[in-house]
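Here is a short tour for a first-time reader. Take a look at the structure, then read on.

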Amino acid sequence: MTTVADILRTMDYGPCLEAAAPVHSWLDAHAHSFRHFIHGEFVAPAQNEYFEVFNPATEERLARVAHGSDADIDQAVAAARQALPAWSGLSGHQRARYLYAIARHLQKHARFFAVLETMDNGKTIRESRDIDIPLVVRHFYHHAGWAQLLDSEFPAHQAVGVCGQIVPWNFPLLMLAWKVAPALAAGNTVVLKPAEFTPLTALAFAELCVEVGLPAGVLNIVTGDGHTGASLVNHAGVDKIAFTGSTAVGRLIRRATAGTDKKLSLELGGKSPFIVFDDADLDAAVEGVVDSIWFNQGQVCCAGSRILVQESVAARFGDKLRARMRKLRIGNPLDKSNDVGAIVDRVQLQRIRQMVESGRADGLSCWQTALDAPSSGHFFAPTFFEDVPAAHALAQEEIFGPVVISMGFRTLDEAVALANHSRYGLAASLWSENIDVCLTVAAQLAAGVVWVNGANMFDAAAGFGGYRESGFGREGGREGMHEYLVPKWLHAPGAQQAQDAPVQVAAHLAPTEAGAARSIDRSAKFYIGGKQVRPDSGYSFGVRSGSGALLGHAGFGNRKDIRNAVETARKAGNWSQASGHARAQVLYYFAENLGARAQTFIAHLQAIDGISEAAASQQFEQVLARVFHYAAMADKHDGSVHSTLTAHVTLAMNEPFGVVGVRSPAHTPLLAALSLALPLLATGNRVVLVPPPDASLMFADLYQVLDTSDMPAGVLNIVWGDSDELAEVLALHDDVDALWYFGPAAGAARVQAASAGNLKSTWVQRRQLDWTSREQGQGGEFMRHATQVKNVWIPYGE
Ligand SMILES: NC(=O)c1ccc[n+]([C@@H]2O[C@H](COP(=O)([O-])OP(=O)(O)OC[C@H]3O[C@@H](n4cnc5c(N)ncnc54)[C@H](O)[C@@H]3O)[C@@H](O)[C@H]2O)c1
Ligand SMILES: O=S(=O)(O)c1ccc(CO)cc1
């Protein structure tokens with residue numbers, strides 16, 4: 001028997017077990033069997049199929065859970081559709097009261113949810129009790145607030161409709177909260193599919209919703225696997241899909257929803273850098289690594305899994321990290337003394353093992369904490385690979401386990417280059433005592449979240465989400481609410497589908513009317529890198545007026561022209577670094593020079609659309625007003641400081657995407673094209689514009705104005721031809737960061753499917769907008785789509 005004297009001598013932790021009895025009683029009361037939650041009731045699966053759920057720490061069977069089929073999804077979507085009018089018709093205040101009640105009830109049952117989560121997932125009770133469940137509660141409180149304030153904070157917006165939500169197994173209830181709370185606050189109804197390894201807290205949450213009297217059908221939960229998820233994604237009755245999970249499945253969902261009107265947000269994988277500068281508090285940084293990669297056994301999408309350490313301190317840092325690893329306690333997750341729990345499932349454990357073995361087989365230096373874990377259960381020792389080459393799979397692939405790698409760097413620039421050497425862009429952690437270094441680096445990182453001298457910090461008031469292949473959309477904060485809202489004018493009755501005439505251009509010589517050749521003294525070329533450029537194809541086409549008269553010739557663009565335009569836009573990065581004031585000056589100057597050429601453009605507008613001179617003049621005035629508007633906005637699209645829980649200044653910075661492709665519509669062509677290009681330019685993006693071919697002669701005159709307006713070469717490039725074909729080339733291009741497509745449904749589907757390659761953010765509008773309306777043609781919606789939010793957490797105080 002261990003005596004007090006023994007304890008004082010060894011100072012070892014004793015076992016300190018959390019009671020599991022309340023969860024066992026709950027499982028017993030359900031006879032260890034769970035059905036779907038649809039229309040406020042627990043209903044049996046249509047095909048009577050179930051799957052088993054285990055405790056990964058003990059391999060004990062916890063329950064059998066319904067396996068959702070197409071019929072179950074159908075029933076749940078119908079319930080959500082039926083509940084939608086009444087729920088979205090409630091006042092924000094009425095919805096706030098439900099969300100507040102959910103938060104209160106969660107607090108009352110907090111320990112039950114924490115224990116259930118630990119048993120289902122394998123995470124330590126310290127984490128589920130002190131992090132997951134308090135954050136879940138915080139999310140419902142925070143979003144009760146957004147429901148209350150919806151009318152004043154999001155005027156002229158409405159709910160999207162029925163939301164299909166699919167979550168992973170790493171933070172089961174927290175991921176549910178991230179999705180359900182904003183959806184319900186905004187007035188949507190929900191069908192949620194939990195991950196197959198961890199459905200139990202979602203089902204307990206459904207019971208809690210019954211307890212608080214949430215109206216039937218507002219929240220529906222269908223359990224199942226990837227097939228169930230795919231059925232939800234493909235269901236025609238769903239208006240929005242919100243997905244958190246792997247990049248591979250995110251890509252499938254992007255393709256599956258292409259060409260539908262479904263709004264989409266994707267929170268995907270990561271390989272986040274953890275950067276340690278030589279002036280960092282190394283002991284604090286070592287604790288940061290523990291929070292980054294051994295938290296939740298490294299099954300964290302934003303885990304700091306790549307340590308980049310300045311060479312001068314690398315050896316010291318490595319020693320300190322190994323010393324700390326020796327102290328990590330791995331074992332029963334219900335034991336409050338343990339730091340590291342179980343891996344969620346045998347399959348995931350196997351994947352981690354294979355990745356680690358491949359690193360060892362390649363001769364990489366590998367160090368592991370001694371594993372003194374229980375004989376049953378899925379445990380894996382904290383693992384550290386030192387000096388891993390930047391291109392190695394262990395430095396590039398997400399492992400999703402307790403495995404960290406490190407590599408050295410010498411200079412700040414090298415650190416930034418290594419940090420950004422990844423297809424992902426979810427998060428980053430920076431360690432330095434020099435605030436200049438921290439903010440300089442934070443601004444240069446391609447990451448949706450940056451933690452300064454900290455790691456893995458979250459709060460409902462701050463947005464979370466990625467750049468690049470880590471997905472698009474944000475969860476949390478004001479920016480997260482936008483994922484569940486749409487401007488009311490988009491749903492206004494009478495909005496038509498865009499009906500661009502099928503592209504008439506063909507790579508052949510246009511028949512020329514007698515005498516026309518005399519008036520045609522040039523063939524309009526493209527504008528690439530600040531220069532007029534002949535088409536690569538060597539073909540041109542005849543440009544005709546609205547009445548069919550031949551106006552001139554224009555080059556016919558192809559894949560190569562687009563690639564050249566993207567390359568030159570890529571090099572024009574200084575525009576993104578320029579101040580808003582500098583960009584405003586260029587746009588004002590552009591407006592001034594455009595105004596001086598009014599007669600030219602009025603004549604073009606008359607010829608293209610067959611409108612009167614008065615109507616063309618009026619449209620041109622609107623064009624000038626729009627340029628002035630975005631010149632004015634260039635230094636005013638401010639970010640914000642979020643009110644997060646801890647002592648942080650959490651900056652939400654609006655950053656440009658980089659290179660953005662724009663396919664603009666035929667209707668009111670100059671106004672439409674500039675209404676799209678200007679917000680992008682004002683916010684620092686570089687643009688490859690594909691305007692309608694019928695208006696190419698007018699756009700050839702437009703770039704002459706650009707030439708005289710100090711617009712740097714490569715910032716705005718213009719190529720025309722078969723608009724949808726060129727848009728698809730842009731969508732497929734990995735160096736294009738975002739794409740705006742305004743045009744007919746068939747082309748929209750093509751670009752959305754093609755964008756799945758690098759998961760670029762797309763803004764697609766198949767409806768024909770009224771560009772002359774200020775509500776539809778300009779404003780916040782455009783500025784918001786032109787930027788992505790980076791949240792930078794900067795600590796203050798002690
Ligand atoms: N960015 C974030 O916020 C975030 C957060 C947590 C996890 N993740 C990512 O999630 C991954 C780990 O979770 P996982 O293994 O459960 O991911 P996963 O993509 O395999 O599964 C996630 C969810 O999608 C469902 N699913 C699987 N195939 C589907 C399909 N074809 N259509 C629709 N749904 C489908 C699953 O059943 C599960 O509910 C990691 O890559 C991690 O980085 C990202
Ligand atoms: O979505 S994840 O990045 O995996 C994540 C990590 C941590 C927390 C809470 O601490 C929530 C979500």
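## Contacts with ligand 1

This model is predicted. Start at ligand 1. A nitrogen atom of ligand 1 lies 2.6 Å from a backbone N or O atom of Leu268. Ser246 brings a polar side-chain atom to 2.6 Å from an oxygen atom of ligand 1. Glu196 also takes part: a polar side-chain atom of Glu196 is 2.7 Å from an oxygen atom of the ligand.

How much of ligand 1 does the protein bury? Taken alone, ligand 1 exposes 840 Å². The protein buries 88% of that.

## The shell around the ligand

In total, 28 residues surround ligand 1. The closest are Glu196, Ser246, Leu268, Cys301 and Glu398. By class, the shell has 16 nonpolar, 7 polar and 5 charged residues.

Which elements give two or more residues to this shell? They are α9 (226–234), β10 (240–244) and α10 (247–257).

Domain 1 spans 33–244 and domain 2 spans 273–465. Both give residues to the shell, so ligand 1 lies between them.

## An annotated active site

The unreviewed UniProt entry carries the annotation "active site" at Glu267. In the model, Glu267 sits in strand β11, residues 263–267.

Is Glu267 buried or exposed? The relative accessible area of Glu267 is 5%. Buried means under 20%, so Glu267 counts as buried.

## An exposed serine

Ser375 lies in a loop. That loop runs between β14 (365–368) and β15 (383–386). The relative accessibility of Ser375 is 83%. Exposed means over 50%, so Ser375 counts as exposed.

How far apart are the C-alpha atoms of Ser375 and Ile435? They are separated by 47 Å. Along the chain, Ser375 and Ile435 are 60 residues apart.

## The annotated domain

UniProt, again in an unreviewed entry, gives the feature "domain: Aldehyde dehydrogenase". The record places this feature at residues 43–489 and 549–762.

Take residues 43–489. This span is 44% helix and 18% strand. Its end C-alpha atoms lie 38 Å apart.

Now take residues 549–762. Here the chain is 53% helix and 18% strand. The end C-alpha atoms of this span are 36 Å apart.

Definitions and conventions:
Residues are numbered from 1 along each chain as its sequence is written. Chains are lettered from A and ligands numbered from 1 in the order in which they are written. This is a predicted model: local features need pLDDT of at least 70, side-chain atom pairs count only at pLDDT 80 or more; totals for chains, interfaces and linings use all residues. Side-chain values use heavy atoms; hydrogens and water are left out. A residue is near a molecule or strand if one of its heavy atoms lies within 4 Å of it. A polar contact is a pair of N or O atoms within 3.5 Å; within protein, one must be able to donate a hydrogen and the other to accept it, and residues adjacent in sequence count only if both atoms are side-chain atoms. Accessible areas come from the Shrake-Rupley method with a 1.4 Å probe; for residues, only the protein chains shown count as cover. Helices (H or I, at least four residues) and strands (E, at least two) are DSSP runs, numbered from the N terminus. Ala, Val, Leu, Ile, Met, Phe, Trp, Tyr, Cys and Pro count as nonpolar, Asp, Glu, Lys and Arg as charged, and the others, Gly among them, as polar. Domain bounds come from an automatic or database domain assignment. Buried means under 20% relative accessible area, exposed over 50%, partly exposed in between (1.4 Å probe, protein chains only). UniProt positions are given in the numbering used here, feature names are shortened, and annotations may be inferred rather than shown by experiment.
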